[in-house]
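Reader: I am new to protein models. Could you show me how to read helices and their packing?
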Amino acid sequence: MRSRRNVAPAIDLFPNLKPPHRTLGFHRTLVLIITFLAYASFHASRKPPSIVKSVLGPTIPVNSSNILLSPPSNVTGWAPFNGPDGIQLLGKLDLAFLSAYSIGMYFAGHVGDRMDLRLFLVFGMMGSGIFTILFGLGYWLNLHVLLFFITVQIICGLFQSIGWPCVVAIVGNWCGKEKRGLIMGVWNSHTSIGNIIGSIVASGILEIGWGWSFVVPGALAIFVAILVYLFLVVSPEDIGFETFVSVSETELNAEAIPVEKSENADSEATVLLDVEHHSDSMPAIGFLEAWRLPGVALFAGCLFFSKLVAYTFLYWLPFYIRHTAVAGVHLSHKTAGILSTIFDVGGVCGGILAGLISDLIDARAVTSITFLLLSIPALVLYRAFGSISTVTNTCLMFLSGLLVNGPYSLITTAVAADLGTQSILAGNSRALATVTAIIDGTGSIGAALGPLMAGYLSSRGWNTVFFMLILSIFFAALFLVSLALSEIKVKLEQGRWFSSSHTSTTVV
């Protein structure tokens, strides 16, 4: 049986934060805020490499067709990234980080289901912050050794892989299934908010030295890690609340009665404790067993290609904007970095919209495949007409971010939580982090390949890069065809498309 976790120190220090002084709804909101800040800080510290690419690498001219030419002999930049193969080396940095991240994700989920998620999350955040700062120290130490930067990125990727399985598992412990898509869609905006904060901070201080673009986001991650350690409560029962896994939304928002304070709830508390002890006494689900759960492999395959596209934009969009004339003018490093945040603003709206729609129609796969198919013409339009004016570029970039990040957000949050708590698991709450890690870990393999391929394909022109992105979206949609058809069939048999309560994700 898993031992009971220690309550966060600040909760013990301030008795008024405990029940009956604070309700279950209060603590659920607190958990959502803390985990939001935690993962936003992860992404803020992940953003600097994309911002400093145009400073570390050579300034490469383009011809009239926007085809990248060979760099001139008197290039600026930071060795070893300012040579003829500078763009490819920057792509290898992305590969080093994201490969370690994707591999670490599988192990992180497995470990997360077996230990205190709060302490594990703090460990990942502290390590991520320290190694992000260490990368920036290369500026002041005047380091020009490729092995140093690659090693730092690999270790940082391993620490960052701890974050996602932890925060999704913790939120899954606190949130019921009703309105899960909307709640997690809003909550998952931490990814885009973190990207925006990282972009603005890294771009704003880039001119005083690129090292600061790493040090400040790294320090932010460490600061938020301290807040997580002090205030985050992993599960309702850790603070005196006892809830069924299938608790309804009404129950979650109601005034909760602590087990130890309710005289009339003794028998009910015993039953609830038995449920919790049963769940905790069940062995954590095996890695291969989790892969065989209905829907896991298909959604993981979809996320492989969907995340490939999202992370190519994450790591290369500022560089693309910098080297592509908008209204006949090439933007500065700072302006290109700030303008790229529009994609993430669209991502915030896309994640919320996808979650809301999937709740309304009770069909995660149909929602995801619709967004994916619509994103294909959006990317074509952005590539073809984004250079006409700043307004056109901004609008099409927003639309692309909305449609690309919508399914990516939905799959990594609500879908993963659905699959990790589906009825076939018979109440085993110790599968959520493993399932989440499988889905996002597989997606992260695609995320590692996308930026690397973009680095190589960009030398043949950006049209080639966009063709790769569109092809990836098409393959992502293919993985969901059978699931979407299954959901449509169920809805047609039921004679309704809109649902007032969400069940588990429909699987074949």
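This is a predicted model: local features need pLDDT of at least 70, side-chain atom pairs count only at pLDDT 80 or more; totals for chains, interfaces and linings use all residues.

Reader: What should helix H10 span?

Author: Helices are DSSP runs (H or I, at least four residues), numbered from the N terminus. The expected span is 1.5 Å times one less than the number of residues. The 20 residues of H10 (212-231) should therefore span 28 Å, and its end C-alpha atoms, 29 Å apart, agree with that.

Reader: Is serine 203 buried or exposed?

Author: Buried means under 20% relative accessible area, exposed over 50%, and partly exposed in between (1.4 Å probe, protein chains only). Serine 203 has 0% relative accessibility, so it counts as buried. This residue lies in helix H9. Contact means heavy atoms within 4.5 Å; leaving aside neighbours within four places in sequence, serine 203 is in contact with Ile51, Lys334, Gly337 and Ile338.

Reader: At what angle do H2 and H5 cross?

Author: Axes are lines fitted to C-alpha atoms, for helices over the stretch in contact, and angles run from 0 to 180 degrees between N-to-C directions. The axes of H2 and H5 come within 10 Å and cross at roughly 25°. Because angles under 35 degrees count as roughly parallel, H2 is roughly parallel to H5. Ala38, Ser41, Phe42 and Ser45 of H2 make the contact with Leu121, Gly124, Met125, Ser128 and Thr132 of H5.

Methods: Residues are numbered from 1 along each chain as its sequence is written. Side-chain values use heavy atoms; hydrogens and water are left out. Helices (H or I, at least four residues) and strands (E, at least two) are DSSP runs, numbered from the N terminus. Angles under 35 degrees count as roughly parallel, over 145 as roughly antiparallel, 65 to 115 as roughly perpendicular and the rest as oblique.
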